[in-house]
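Okay, thanks for coming, everyone.

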Amino acid sequence: STKQSSSSSSSSTSSSSSPPPPSSSSSLLLLRKSLKTDESSKECVELLFRSEDYVFALCAMVGELPRLCVNRVVLGDFAFVSYARGFAGEVFAGLRLLNLRNDALRRKVDAVKYDVKRIEDITYDLAVRKLLSAIPNQERNNDPM
């Protein structure tokens, strides 16, 4: 009986030290990027991560955009706000299509809605002050980077 209890405790410790296997509901994404370090060699970098982590990162990135918009307005770059508004809106439209079962992930995606609203508020403030009217429509749609 002591042998059984020691074997069961050793199996529980070995399972806690290894990472848990991905659940059946989560999928893995593979990002492969070829890097050219010099003219003769080429390296391939591969990253493997869960799709939930990718969505969390997208939400975090969109969460930083309102702050970036405010900083760019302070610097006088009003065109960036229009670009960021379109980008954040497209990301949010894509996130709305997901059927989210993870409660924390769903809350993060809900927060993106409010981040998009903050960017729209900044755009509205610029439009009311007639700072966006000087920007031609072509320039608003181009990548300012």
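A quick definition to start: buried means under 20% relative accessible area, exposed means over 50%, and partly exposed is in between, with a 1.4 Å probe and protein chains only. This is a predicted model, so local features need pLDDT of at least 70, side-chain atom pairs count only at pLDDT 80 or more, and totals for chains, interfaces and linings use all residues. Residues are numbered from 1 along each chain as its sequence is written, and side-chain values use heavy atoms, with hydrogens and water left out.

Phe, Tyr and Trp rings (the six-membered one for Trp) pair if their centres lie within 6.5 Å; planes under 30 degrees apart are stacked, over 60 edge-to-face, the rest tilted. Searching the whole structure turns up two aromatic pairs. Phe 49 and Tyr 54 are stacked, at 6.2 Å centre to centre and 25 degrees between planes. Then there's Phe 80 with Tyr 83: centres 6.4 Å apart, planes at 50 degrees, so that one's tilted.

How accessible are those last two? Tyr 83 is partly exposed at 26%, while Phe 80 is buried at 2%. Phe 80 also has the charged end of Arg 72 over its ring, 4.2 Å from the centre; the criterion is Lys NZ or Arg CZ within 6 Å of the ring centre and within 35 degrees of the ring normal.

Leaving out residues up to four places away in sequence, Val 112 touches Cys 59, Val 62, Phe 92 and Leu 95, contact being heavy atoms within 4.5 Å.
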